[in-house]
Structure formats: structure tokens, C-alpha cells
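Open the model in your viewer and keep the selection tool ready.

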Amino acid sequence: MNKKIIAHTALKVKDLSIGYFSKKSTTVIADGINFQLQQGELAAIIGVNGIGKSTLLRTLGNVQAKLSGSIQLDGKDLKSYTPIEMASTISVVLTEPLASKNLTVIELIALGRQPYTNWIGRLSETDKTKIQEAIGMVGLQSLKNKKCYELSDGQLQRVMIARALAQDTSIILLDEPTSHLDLHHKVQILKLLKHIAHKTSKTILVTSHEIEMAIQLCDKILIMNKGSHEFGEPCELIQKKSFERLFPSDTVTFDPKTGSFKIKK
Ligand SMILES: Nc1ncnc2c1ncn2[C@@H]1O[C@H](COP(=O)(O)OP(=O)(O)OP(=O)(O)O)[C@@H](O)[C@H]1O
């Protein structure tokens, strides 16, 4: 008998407003954000520079506080998660430079097990297995004993993904995981993330400027615009002409047939 696996909603965002508090004022960067992701989906947040993609990702990962609205992870309000529950449900890979490049690849990936290790940080057999699985998934076997400062940017991106995989959370958030990479490695990383999401039923959300790649590889896209945001499958968004509205039409135009941007000469 064919058993149908029904995916549940992993991340639900309702009427979310994001921004920054200071002593004197509150700055709203974006509001009216609504979307939901199912278990096992790869999704991208896209939008012009400064629109609030990283701010949204950090807010979803509880790295910074939301202004208002609700965020639910696996059907439970983010507010009700303890720090340990949070660390075993969601992993966040930000763009900040690594403070610990002196660690070896395997040591850095092992840091992903911190939410599970005891107070002296001793690794159990399960921890070691998860670390080896993560290394295998991103193909880092031959580099695992190298120091992180010896790696290229692309290799380092894979190490950061492996650390998030070792953390073994159901949701992974990555801020610009393909920045600084050449075309081949951008595609390789995004395909790897898609493979991991579909194979392991993890929900992976990235911010990206690689719109054409996101159209081809992501299951869902959130387009952040001034005033309103659009969310859906890439083909739905193409049909709604959502990508046409992203940039001023005197610079680039979007070709819905090829799913690519053309420079206006
Ligand atoms: N710590 C901060 N305090 C106040 N404002 C901030 C802070 N960090 C970012 N901002 C502002 O928030 C807005 C959104 O920034 P954010 O980095 O989220 O945009 P982004 O869409 O990720 O941009 P990019 O594509 O350039 O990476 C910008 O106007 C930025 O100046």
C-alpha cells in the first residue's frame, strides 16, 4: 500500500512587523509579512538591497526581537520556546565573519552539537554520528582535518551548512549562503540545500540575490517589496508578474518565458 506522507507547517508567519528599537524610537523596516512553509521545502527571501531580508531572517531565528505579529515554529509560538528547545528546532547561519577560523573543520562542525552536549561539552556516540553524517552530506571528508583559515569561501560555506546540519534542527535559516561564490558553486550550494530539504524533510529558508536560481531551484519564494510582499511558488509569481515589479523597468526587465532578467540597453 502506498503511504502518503503529509507534510506539516514548519514555519508560519502572520502579520509580522520587523525593525529596530532604540531608546528614542522604533524603526519599522517591513510589515504585513505573511507566509508559511511546509516541512521539507526550500524557500528563498528575495528583494532589493536594504529591503529587510537579513532583518527578517534574524527575526525568524530569534536573533532579534520582532516588532509585532506572530511567528510559529512547528505549530508553536516562538515566544514559548526555551533557549534549548529553540536551539534544537532552528539553526541560523548568518553572514558575520567566523571568529573561530583557527578551529579545524570537524571541530567547527562539532559546535553544532552544543545544544545536546553536557556542560563539559563531551560528545556522545549520537553526537559523533550526527557530525559524520553532516560531513558526508556536504562532501567534506577530505577536508575535515584542515583548519578553517585554509579553506576557500565556497568550502567554508559548506562547513557552515554542515554545522547547521549537525545541529539537526527541523528548520535551517541561512543568510546569503551563496554570496562570494562563482556561478558553479552558487548552483552547487543551492542544489545541495534543495537535496537536503527534500531528502531529510528539513525546511530551509535562505536570503538571496540569485533570483533566477531561486526561480529554478526553490519550492517557494517570498518577494519583499516596499509596501507589500508576495509569496508563492516561482511559477505562480511569474504568472502574477511579481518579478517584473522588483526593479525599475528602465534598468532591467523580466522575461517570463525564460525566467530571467534582461538588461535594458
Ligand atoms: N542594527 C541595525 N540598526 C538599525 N537599522 C539597521 C540595523 N541593521 C540594518 N538596519 C537597516 O535595516 C534595513 C534593512 O537591512 P537588511 O540588512 O535587513 O536588508 P537586506 O535586504 O538584507 O539588504 P542587502 O540585500 O543589502 O543585504 C536597512 O535600511 C538597514 O540600514
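Start with the shell around the ligand: 3 of its residues are nonpolar, 7 polar and 1 charged. Here Ala, Val, Leu, Ile, Met, Phe, Trp, Tyr, Cys and Pro count as nonpolar, Asp, Glu, Lys and Arg as charged, and the others, Gly among them, as polar. This is a predicted model, in which local features need pLDDT of at least 70, side-chain atom pairs count only at pLDDT 80 or more, and totals for chains, interfaces and linings use all residues. Numbering starts from 1 along each chain as its sequence is written.

Now select the shell itself. Tyr 20, Ile 29, Gly 47, Asn 49, Gly 50, Ile 51, Gly 52, Lys 53, Ser 54, Thr 55 and Thr 207 surround the ligand. A residue is near a molecule if its C-beta atom, placed from the backbone, lies within 6 Å of it.

Which helix gives the largest share of this shell? Select helix H1, residues 53–60: it supplies 3 residues. Helices (H or I, at least four residues) and strands (E, at least two) are DSSP runs, numbered from the N terminus.

Next, find the open sheet of 4 strands, in the order E2-E1-E4-E5, with antiparallel pairing. Its edge strands are E2 (26–38) and E5 (76–77), and each pairs on one side only. Two strands pair if DSSP finds at least two bridges between them. Strand E4 (residues 68–73) is joined to E5 by 2 bridges. Leu 73 stands opposite Lys 76 in E5.

Last stop: select E11 (residues 252–255) and E12 (residues 260–263). These strands run antiparallel, joined by 4 bridges. Phe 254 faces Phe 261 in E12. The two strands form a hairpin with 4 residues between them. In the turn, Gly 259 has a positive phi of about 65°.
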